[in-house]
Amino acid sequence: AMEDLVDQGLTKTIGLSNFNKRQVEEVLLAAKKYKPAVLQNESHPYLHEKDLRDYCEIHNIAFQAYSALGSADRPWRLTGSITSGAPKTGHEVLSHPDIVKIAEKHGKTTANVVLRWHIQMRGTLCCKSVTPSRIVDNFKVWDFSLDSDDMAIIDKMNVGWRHLLWAETSMHPDYPFKDSLPWDYKLQKPGVGATAGAK
């Protein structure tokens with residue numbers, strides 16, 4: 001169906017979002033004329049998605065990170081979700097002490113460091129801001145590079161913390177993040193006895 005939209009000129013390319021590697025592979029195998037051009041998934045220093053990034057690169061699919069800065073402003077940060085509370089590291093991405101040190105070393109903001117990391121991971125990204133000065137500042141990533149020591153430090157932060165699980169959809173057969181659910185999570189619809197809405 002998506003390939004028909006390309007033929008009709010209603011879209012230039014096909015994109016995917018929130019697919020795991022197996023699901024991307026399934027789409028590639030089923031593609032008759034057009035392969036997906038982009039995969040948009042959550043990724044940040046606590047969730048590198050290296051295998052998925054590599055798989056996309058091998059198949060000429062652009063990997064685009066959303067929640068690229070860790071989404072410290074997420075509405076469920078404090079309560080209401082199985083991912084509420086601080087990340088596994090104990091720090092939000094932009095306030096992690098090691099990222100702060102790297103930023104100080106380069107005379108940059110922590111956001112600049114994380115955005116530059118995404119670029120050096122050979123991916124694309126989207127980040128949001130409603131603050132004009134931050135939007136301008138987010139473009140200040142082209143006049144410096146992270147060195148191998150910086151990259152190694154950030155590499156150690158890859159703890160697999162995913163804050164967007166959409167656990168309430170986990171019973172669907174194509175739910176992509178089963179491996180990211182807590183070990184004691186009950187696969188069931190939200191409601192009485194479900195753990196989707198609480199930690």
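Predicted model: local features only at pLDDT ≥ 70, side-chain atom pairs only at ≥ 80, totals over all residues.
**View 1. The salt bridge between aspartate 7 and lysine 33.** The closest N and O atoms of aspartate 7 and lysine 33 are 2.8 Å apart, and the two residues form a salt bridge. Because aspartate 7 belongs to helix α1 (residues 2-7) while lysine 33 sits in the loop between α2 (21-30) and β2 (38-42), this pair ties together parts that are 26 residues apart in sequence. Aspartate 7 is partly exposed, its relative accessible area being 42%, whereas lysine 33, at 53% relative accessibility, counts as exposed.

**View 2. The salt bridge between arginine 22 and glutamate 26 in helix α2.** The side chains of arginine 22 and glutamate 26 meet in a salt bridge with an N to O distance of 3.3 Å. The two residues are four residues apart in helix α2, and about one helical turn therefore separates them. Arginine 22 is partly exposed, with a relative accessible area of 44%, and glutamate 26 likewise counts as partly exposed, at 49% relative accessibility.

**View 3. The salt bridge between aspartate 150 and lysine 105.** Aspartate 150 and lysine 105 form a salt bridge in which the closest N and O atoms are 2.8 Å apart. Since aspartate 150 lies in helix α7 (residues 148-155) and lysine 105 in helix α4 (residues 97-106), the pair ties together parts that are 45 residues apart in sequence. Aspartate 150 counts as buried, at 2% relative accessibility, whereas lysine 105, at 47%, counts as partly exposed.

**View 4. The buried and exposed sides of helix α7.** Asp150, Met151 and Ile154 are buried in α7. Seen down the axis of α7, the buried residues fall within an arc of 95°, so they line one face of the helix. Ser148 and Asp149 are exposed on the other side of α7. The buried residues of α7 pack against α4 and α5 (110-120), and one of these buried residues, Asp150, is also the salt-bridge partner of lysine 105.

**View 5. The N-terminal end of helix α7.** Aspartate 147 caps the N-terminal end of α7, with a side-chain oxygen that lies 3.0 Å from the backbone nitrogen of aspartate 149.

Technical notes
Residues numbered from 1 in each chain as written. Heavy atoms only, no water. Salt bridge = Lys/Arg side-chain N within 4 Å of Asp/Glu carboxyl O. Buried < 20%, exposed > 50% of the residue type's maximum accessible area, 1.4 Å probe, protein only. Arc of directions from axis to C-beta. Contact = heavy atoms within 4.5 Å. Polar contact = N/O pair within 3.5 Å; in protein donor to acceptor, adjacent residues only side chain to side chain.
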